[in-house]
Amino acid sequence: MPKVVVVYLSTSGNTKAMADAIVEGAKSRNVDAMAVNFQETRIEDIKDADAIAIGSSTFYYKMLPPMEKFIESLEKANVADKVGAAFGSYGWSGEAPVMIAEKMREVGMDVIDPVLRIQYQPVEKDLEECKRLGKDIAIKVKKKYTKAESEKRGDAPLMQEVKMGEGGH
Ligand SMILES: Cc1cc2nc3c(=O)[nH]c(=O)nc-3n(C[C@H](O)[C@H](O)[C@H](O)COP(=O)(O)O)c2cc1C
């Protein structure tokens, strides 16, 4: 089963509420998903994941320094080609998710556009948006996962099995 890990930094629970809703949305599309505080994230969680969503609230027009460090460490975790998504709660400028998405692209991740930002505490309709993002991540990762699995098995492309003359005009 494809794996989605949702990493977050949240000082008063707003971005965490978003992370939990993203996980709920992903799980509703039958992928393995979990939310984890960035301080408790292990490098194996990142390496094992097929998709990584990272969320941070914005402080003084950027991320808090420990989150910046975490983002810098992504490079060492071989994340190129994994699906990525960035999100976060904010008050007035909301730079953090944009910066996360930039870094994800820099390290070669396949990033879902646009980033998801919610002002202050997410209300019901905001949480629905978060669930939608979780579903979109799951759909994207399942497509990639199925393709990679079939390539590993060496499945022939369907069209090769269609004999000439049977394939239409
Ligand atoms: C000291 C401080 C600085 C902040 N700086 C910014 C900022 O520069 N831009 C912004 O959009 N929001 C800023 N905020 C607002 C937070 O991003 C917002 O309250 C957010 O909902 C917190 O989410 P969290 O509970 O997930 O940490 C700031 C809040 C505090 C307390």
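Visitor: Which residues of β3 are buried on one side, and which on the other?
Guide: Keep in mind that this is a predicted model. In a regular strand the side chains alternate between the two faces of the sheet. In β3 both faces are covered, with every residue named here buried. One side has Ala51, Ala53 and Gly55, and the other has Ile52, Ile54 and Ser56.

Visitor: How many residues of strand β3 are buried?
Guide: Across the protein chain, 40% of the 169 residues count as buried. Strand β3 spans residues 51-56 and is mostly covered. Being buried takes 20 or more other C-beta atoms within 10 Å of a residue's own. For β3, the count is 6 of 6.

Visitor: What residue of β3 stands opposite Leu9?
Guide: Strand β1 covers residues 3-9 and pairs with β3 in the parallel sense, over 6 bridges. Look across from Leu9 into β3 and you land on Ser56.

Visitor: And in β4, what is the bridge partner of Ala53?
Guide: β3 also pairs with strand β4, residues 83-90. That pairing is parallel too, over 5 bridges. The β4 partner of Ala53 is Ala85.

Visitor: Which helix makes a β-α-β unit with β3 and β4?
Guide: The whole chain reads β-α-β-α-β-α-β-α-β-β-α along the sequence, with 5 helices and 6 strands. The unit with β3 and β4 is right-handed, and its helix takes up residues 65-73. That helix is α3.

Visitor: What share of the contacts with a separation of 6 or more comes from residues 24 or more positions apart?
Guide: Contact here calls for C-beta atoms within 7 Å. Among contacts in the protein chain with a separation of 6 or more, residues 24 or more positions apart account for 82%.

Note on methods: Residues numbered from 1 in each chain as written. Predicted model: local features only at pLDDT ≥ 70, side-chain atom pairs only at ≥ 80, totals over all residues. Helix = DSSP H or I, 4+ residues; strand = E, 2+ residues; numbered from the N terminus. Buried ≥ 20, exposed ≤ 12 C-beta atoms within 10 Å, placed from the backbone. Contact = placed C-beta atoms within 7 Å. Pairing = 2+ DSSP bridges. Right-handed = clockwise from strand over helix to strand, strands pointing away.
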